[in-house]
Amino acid sequence: MIRSPGTPGNSTPRRGRAKAIKWDSVCLSVLSFSSQAAPVKMGEAAGSLQDSILSHLERLEAKAHKAALERGEVRKHKEDVALMKSRIQELKRQRDELRTKLSACRSVLAGREDAPKRDSRTPQATRARQQALLEWKMEGAKGLLQVFHLTGLSGRLTKEGACLCISTAFEGTYLDTYHLDLLIQQPIRIQRHSVPSFIPLKEIAQEYLQTNIRRFLSVLSDHLNAYAGRKFQANQLQERFPAFLEGGLQGNSLYNLLEFNYGVTGEGGNFPFMAKLTYGDPVSILPTEATVVCKEDAPASSGEVAAAHSALFHKRPLPGVFSAITATTETLNHSAS
Amino acid sequence: MAKRRPRGTLGCSPPSKVFVMDETVAEFIKRTVLRIPRSETAKILTTWQFLSENQLQTLNIHQVKENVAEEVLQLCKENCATMKHAADLDIIYNYTYRDKKLWAVYQMIRGEGDENDFFDLVKFKKKFKETLQATLKNVSITFKEYEDNAIWIRVAWGTTLTKPNQYKPSYVVYHSQTPYIFMSISRRKSCMPMLCQALLVATSYRDIHEMDLRSHCLDSLKDIVFKRYSQNFQTHHPRPLQEKNSTLENVDPRIIQEDKHKKEKILKITRETFGDGPQPKLEFAEYKLETTFRSEQKGILNNKEPFRCMVKFSSPHLLEALKSLAPAGVADAPLSPLLTCITQKARNYFKIRERKGALSESLPSH
């Protein structure tokens, strides 16, 4: 039953119509005209007055309610705006902070260069130069490491110690490499290794490892190189001069005792010589003892030949001996024919 | 070179110029030939070098094996085969099929000041034979040398009353100038001390003990003990990249590997632990635990007594299987050091006791 207040001429409301049935319609119409002023009239118009007051009060109440709502909305709106503003302030502040940080970092990076004019250089050029510098340094380091590797002894620091690498070679051919993992503590220990078991590693370590590492490494390197050299000689002999050997080479694991039967002519069947080479020195690639014996059914002149061969074995490595033998045989044949 | 006739087998046959092959020898050769698979018969007989080329060519391998054996026997009779030749054939057969036996590794300890630089094969054989025959008369010993400096020794055992039993010999493989002996495991434990004694005398070592390393693959045992397997040492010279790095993986751009970093890390750790190359072939690893049972709920078991149990890992190729555990996601990398130390410690029998400050592993008493 709320009537909009701004309609004074609306004098024929539905409610009024209902009342007009019961009371004097003149009173009502008068009252409806004076609804804004709302004078209090007693008497027979009291009931209708009460009604109109009530309606008026209702209208006023409605108006007040609406006004309150609107005020509330406005207030809320203001609060929201204030909140948004504060948020914007906060974000702006953060942005400024990050900006300053970024510029500080950039300036630090740029400040690492020695050049005075930092601002004129682009970041890409800086990075490219740094890259090139690093690569050059790495190449240099790699070359140095390669040089060390070629010397036969190289190493690398590990977490607990060092890993040493001994490379063996014989007359220009690189052979196997052996590794040692050392723990650097007191006392220095070998953690693991790939040295074969017939090299007397334990004895060498006992003697030299604690006192003089350099000597230990050089002795071990000598042993390994000599072993690899002897093994290589034996294999080369079997590969390059198979026709001269009767059967195979009889040796041992350390290749320091070799026995074989051989002949001087390439054609098969004639192997009059029996050689026994003893390599007494574990670090040498040449035998300390070389005995060449002729078989019983060999001609008499073979004795001298055997002695000559024996001398040869002392002087040269095995493949060299046999190439010398073949060379002399050829010259003999040539001179004979 | 007729073999000493056994008592009573051939009665009183006159000392004849006709060679009559000993029945035991004949039977042994026949059985050995029957064991050889048909495809390898020609090869093994050629390696034997007892039958000549012509004889081998007359042999018809493509018949029933019984007949082949008979023919071989006939040829052997013509060539006057003795037990020595038969034993030689047996060694060749067992060398070719060495992976059928279970091998154990023994380590010898050198006496002080005994640097025996020159290993003389002849002396070794002589000393070995003498020592063994001094304790036991009825043994037959055969030697054979192979290219990798391996000496194969075959010993057939008999007692004071019986002849050597050729069907259950022991095999010993020795590499000169190394302290390691590889023995085939046979049921006969009583012969072990004599064999060990003979070996020690022949090689001039002081003591011998078993190394708790057993496998069927003899070559792998040699690799482990001679350190020929690929250990991963840190060097400045990386080995050439393996093939697998450069193979094209199926490059489907729609497939993204979420845990690519994690996988790479696991691969790196696995590589560091196991090395790059192929692993030696072991079939099992046995761990005897004597530790107290630990659980989160106290009081499940009385914690004072050790909880004895045995854990055995077996696989056709154990180390490759362990290597692939972490990359397959089955286990965390790095693996437990008990598993990864197998090759380095050269053992696959472990006994784990209670931690008294450090986990103690000791030799189990066999």
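Which helix of chain B gives the most to the positive patch? Helix H6 (residues 121-135) does, with three residues. The model is predicted: local features need pLDDT of at least 70, side-chain atom pairs count only at pLDDT 80 or more, and totals for chains, interfaces and linings use all residues. Residues are numbered from 1 along each chain as its sequence is written, chains are lettered from A in the order in which they are written, and side-chain values use heavy atoms, without hydrogens and water.

**View 1. Chain B overall.** Chain B has 14 helices and nine strands (DSSP runs numbered from the N terminus: helices H or I, at least four residues; strands E, at least two). Of its 366 residues, 44% are buried (under 20% relative accessible area, 1.4 Å probe, protein chains only; exposed is over 50%, partly exposed in between).

**View 2. The positive patch.** Lys276(A), Lys123(B), Lys126(B) and Lys127(B) form a positive surface patch. Lys123(B) lies in helix H6 of chain B. Lys123(B) counts as exposed because its relative accessibility is 53%.

**View 3. Helix H8 of chain B.** Six of the eight residues in H8 (residues 218-225) are buried. Among them are Leu218(B), Leu221(B) and Ile224(B). Their cover includes strand S1 (103-109), strand S3 (150-157) and helix H14 (342-345) of chain B. Lys227(B) follows H8(B), with a positive phi near 60°.

Definitions and conventions. Patches are made of residues with over 30% relative accessible area and no salt bridge: like charges are joined within 9 Å, nonpolar side chains (Val, Leu, Ile, Met, Phe, Trp, Tyr) within 5 Å. Accessible areas come from the Shrake-Rupley method with a 1.4 Å probe; for residues, only the protein chains shown count as cover. A salt bridge is a side-chain nitrogen of Lys or Arg within 4 Å of a carboxyl oxygen of Asp or Glu. Lys and Arg count as positive and Asp and Glu as negative; His and the chain ends are not counted. The place of a charge is taken as NZ of Lys, CZ of Arg, CG of Asp or CD of Glu. Contact means heavy atoms within 4.5 Å.
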